[in-house]
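Subject: Structure handover

Hello,

Here is the structure you asked about. Please open it next to this message and follow along.

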Amino acid sequence: MNKPLLIISCCVLTACASTGGNPQDPLEPMNRAVFSFNDKADQYVLKPVAEGYRFITPQPVRTAVGNVFDNLRDVYSLANHALQLEGKKSATDLLRVSINSTFGLFGLIDLATPMGLPSYKATLGDTFAHYGWKQSSYLVLPLLGPSTIRDGTGMGLSFGYSSGSWVFQENRDAAAATIAYGVVSREKLLGLDETFDQAALDRYSYMRDAYLQYRNARTGFTPPASQSNPDDDNIDDLVPDDASAPVAEQPASAPQASAPGQ
């Protein structure tokens, strides 16, 4: 799945993030160690490879390769939506795969999206959540990055399926497909990571809180009020209803609220 792109984008758009602990992260010491390892691996291996791929590969080719993997992920999503008994989404996935695999030349061209067929990506972790496993502790996976115990379990059970390695009979071909999928996914993040570095006071907690916010919203899990982080409060809820005077009309000496850090 193209989870890193969604996570980094969520981090960039998040208004603020705390640097404190999170009740959904009981494994924080271990997770921070894995996060540090992933950071070094990305700095010295993954990012340079992705930059080289972007440099030598024309944009139309990169788009076509990404479309192929996206088409394979639609097959994976179709299986999970079927397990969830989501008839409408299953039918949409089936139409997307059928159109892109035939008229789209085995997925090289995404014809389904312009035709009005949205992409509903789903994983086995989403299926687990659909049947009740909504709350799950945060987990950082080596090289794969942010996850939860629920999502990591689903990823382990279906490892390689969403990247297309299930298509190949030889292990080396399957490994090559998985590596290629990783490079394609990392290339899409180039440029966003610099914004993330500039925005985050504590890169680990910033990534964690943004990821958990995204996954909790997607799976329909609402942390108990006692577990909510004060820094995650909506600023509109903290302002009284009668505090509606325009900023320009306030006295010059009145303190102005600064925008939350990115």
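Where is the place of Met-30? Met-30 sits in helix 2. Helices (H or I, at least four residues) and strands (E, at least two) are DSSP runs, numbered from the N terminus.

Before the rest, two notes on the source. This is a predicted model: local features need pLDDT of at least 70, side-chain atom pairs count only at pLDDT 80 or more, and totals for chains, interfaces and linings use all residues. Residues are numbered from 1 along each chain as its sequence is written, and side-chain values use heavy atoms, with hydrogens and water left out.

**Confidence**

pLDDT is the predictor's confidence in each residue, from 0 to 100. Its mean for the protein chain is 79. 72% of the residues reach 70 or more. Confidence is highest in helix 4 (residues 87–102), at a mean of 95. It is lowest in helix 10 (residues 235–238), at 42.

Two stretches call for a note. Over residues 1–19, pLDDT stays under 50. The model has 54 contacts (heavy atoms within 4.5 Å) for that stretch beyond four places in sequence. Over residues 230–262 the pLDDT is also below 50. That stretch has 18 contacts in the model beyond near neighbours in sequence.

**Overall layout**

The protein chain has 10 helices and 2 strands. Along the sequence the pattern reads α-α-α-α-α-β-β-α-α-α-α-α. Of its 262 residues, 40% count as buried. Buried means under 20% relative accessible area, exposed means over 50%, and partly exposed is in between (1.4 Å probe, protein chains only). Take the contacts with a separation of 6 or more: residues 24 or more positions apart account for 74% of them.

**Helix 2 and helix 9**

The axes of helix 2 (residues 28–56) and helix 9 (residues 203–219) come within 11 Å. They cross at roughly 105°. Axes are lines fitted to C-alpha atoms, for helices over the stretch in contact, and angles run from 0 to 180 degrees between N-to-C directions. Helix 2 and helix 9 are therefore roughly perpendicular to each other. Angles of 65 to 115 degrees count as roughly perpendicular, under 35 as roughly parallel, over 145 as roughly antiparallel and the rest as oblique.

Which residues of helix 2 meet helix 9? They are Glu-28, Asn-31, Arg-32, Phe-35 and Asp-39. On the helix 9 side are Arg-203, Tyr-204, Ser-205 and Arg-208.

**The hairpin**

Strand 1 (residues 138–141) and strand 2 (residues 145–148) run antiparallel, joined by 4 bridges. Two strands pair if DSSP finds at least two bridges between them. Leu-139 has Ser-147 in strand 2 as its bridge partner. The two strands form a hairpin with 3 residues between them. In the turn, Leu-143 has a positive phi of about 70°.

Back to Met-30. It is partly exposed, with a relative accessible area of 43%. Met-30 and Leu-139 are 109 residues apart in sequence, and 8.8 Å apart in space, C-alpha to C-alpha.

**Two loop leucines**

Leu-85 lies in the loop between helix 3 (59–83) and helix 4. Its phi is positive, about 60°, although Leu-85 is not a glycine. Leu-85 counts as exposed, at 71% relative accessibility.

Leu-105 is in the loop between helix 4 and helix 5 (124–130). Its phi is near 55°, a positive value in a residue other than glycine. At 46% relative accessibility, Leu-105 counts as partly exposed.

Best wishes
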